[in-house]
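Colleague: Hi, could you walk me through this one? I'd like to start with the pocket lining.

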Amino acid sequence: MTSVFDPTARRLLAKVAHWQVAGRLPSMVAGVVRDGDLVWSAGYGDVPGDPVDTQYKIGSITKTFTAVLVLQLVEEGRLSLDATVSSVLGDVGYGDRTIRGLLAHNAGYQAEPNGPWWERSEGGGFGELDAANDGSDAAFGVGETFHYSNLAYGVLGEVVSRLHGGAWWDNVRDRICAPLGMDRTSYQFSAPHAQGTSVHPFSGEVLHEPHPDTGAMAPAGQLWSTVADLATYCGFLLDGHPDVLPKERLETAYVPQSGALDTGLDYAHGLGFQMFRGGSGTLVGHTGSMPGFIATCFVDRKRRTGVVAMANATAGMPAGQVAIDLLAELEACEPTIPPAWTPSTSVPDAVRDVLGQWHWGTSVITMTWEGDALVTRRAGVEAYRHQLRDGRLVGSSGYMHGEELEVVRNDDGSVSHLDLATFILTRSPYDPAAPIPGGSPLA
């Protein structure tokens with residue numbers, strides 16, 4: 001197994017030690033991933049076993065497993081993201097909300113289910129959950145705003161059970177964990193595992209938290225896992241897996257659906273996945289917390305790195321910041337080495353006469369063919385990429401992700417201009433022979 005250099009390991013361990021002490025965490029374990037492999041791991045404090053193999057409860061990281069099961073149904077053509085809950089579950093609360101809205105936390109669901117505090121209570125079946133949450137306590141209208149909802153993921157778990165067949169956990173185990181070889185990820189704990197705790201604010205004494213079976217709410221936060229297994233999961237988040245979910249479908253979950261990342265703030269939510277500013281631009285994954293535990297699991301797709309960290313305390317570990325800082329430390333000590341540049345071996349005829357300099361109004365834009373993508377830059381900075389799909393240039397990154405770049409040709413076959421979702425690009429500034437440009441395509 002590859003590893004980091006000793007000075008890097010020391011600095012990463014120092015970070016973990018700092019958080020364990022500052023947060024008064026009984027124990028903390030962490031690992032970093034590079035190119036899909038766990039290259040460093042450590043524990044600090046009273047870890048009850050090998051740090052790489054000791055189970056901790058991972059809280060809402062569980063939601064990403066639920067999302068993967070939903071996306072499998074979408075990939076198989078058995079479910080539409082725009083299908084309503086009632087189309088699968090019948091006459092239930094919030095039946096008019098869409099699967100996409102539940103995944104993205106913008107369906108207006110209340111944050112928590114009615115009834116006892118589900119995270120510290122033994123849970124019942126979906127019938128009980130639905131009876132207690134008939135939709136009358138909606139926090140917002142459909143699509144009105146981002147509003148994080150644990151309840152929504154309890155409902156998604158039932159969608160998974162109805163369409164895949166069998167219990168939600170059986171599907172997680174058989175459809176995700178088994179193909180990936182994650183045999184230390186489980187519904188309930190198995191030794192060695194950490195005991196969930198809460199730390200008294202003044203005495204420093206610990207209170208043991210319960211480890212309940214949360215029943216129908218399990219898809220929102222029940223799972224236990226290890227550094228080794230979540231490192232494997234990071235590899236899946238980077239590359240997909242033929243027996244779980246292809247990379248192309250997984251990438252659709254990383255497109256912001258709600259939240260504030262696009263407004264200059266630091267957080268957004270895709271289809272089951274959180275996005276934070278950090279690393280090479282955006283980290284994708286999820287934080288997790290349950291009474292007695294805090295966890296984090298994120299990847300930097302451009303640098304092909306990942307991070308896992310878990311602690312057995314209800315509070316004290318800043319999960320998102322831990323992920324950002326550990327990956328920043330790895331990059332500072334051992335910078336990512338990009339793949340070597342290689343010459344193009346073939347350029348599709350459909351893009352050859354699109355290459356070169358263009359103008360949006362008076363702004364200069366360049367388009368180059370790199371690998372398998374048409375790359376658009378402004379002032380030397382990459383704005384987005386388009387890939388050829390069935391003869392169409394479809395955005396694969398950036399502001400125009402999913403939007404088509406239309407090559408408009410003259411009668412003689414030469415290129416007249418480019419139409420990018422109504423934004424007009426011409427070979428000369430404000431070419432009078434082309435439609436008048438409007439709005440910036442590179443926002």
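Modeller: Happy to! The lining of the second largest pocket divides into five nonpolar, five polar and four charged residues. Nonpolar covers Ala, Val, Leu, Ile, Met, Phe, Trp, Tyr, Cys and Pro, charged covers Asp, Glu, Lys and Arg, and the others, Gly among them, are polar. This is a predicted model, where local features need pLDDT of at least 70, side-chain atom pairs count only at pLDDT 80 or more, and totals for chains, interfaces and linings use all residues. Residues are numbered from 1 along each chain as its sequence is written, and side-chain values use heavy atoms, leaving out hydrogens and water.

Colleague: How much space lies in that second largest pocket?

Modeller: About 470 Å³.

Colleague: Switching to helices: at roughly what angle do H1 and H10 cross?

Modeller: Roughly 160 degrees, and the axes of H1 (residues 6-22) and H10 (residues 319-333) come within 9 Å. That makes the two helices roughly antiparallel (over 145 degrees).

Colleague: Which residues of H1 make the contact?

Modeller: Thr8, Arg11, Leu12, Lys15 and Trp19, with contact meaning heavy atoms within 4.5 Å.

Colleague: What about H2 and H7, how do their axes cross?

Modeller: The axes of H2 (residues 62-75) and H7 (residues 168-180) cross at roughly 80 degrees and come within 10 Å. H2 and H7 are therefore roughly perpendicular (65 to 115 degrees).

Notes
Axes are lines fitted to C-alpha atoms, for helices over the stretch in contact, and angles run from 0 to 180 degrees between N-to-C directions. Helices (H or I, at least four residues) and strands (E, at least two) are DSSP runs, numbered from the N terminus. Angles under 35 degrees count as roughly parallel, over 145 as roughly antiparallel, 65 to 115 as roughly perpendicular and the rest as oblique. On a 1 Å grid over the protein atoms alone, a cavity is a set of points where a 1.4 Å probe fits but cannot get out, and a pocket is an open set with protein on both sides within 12 Å along at least five of seven lines; lining residues have an atom within 4 Å of a point. Grid points are joined across faces, edges and corners, and a volume is the space filled by probe spheres set on the points.
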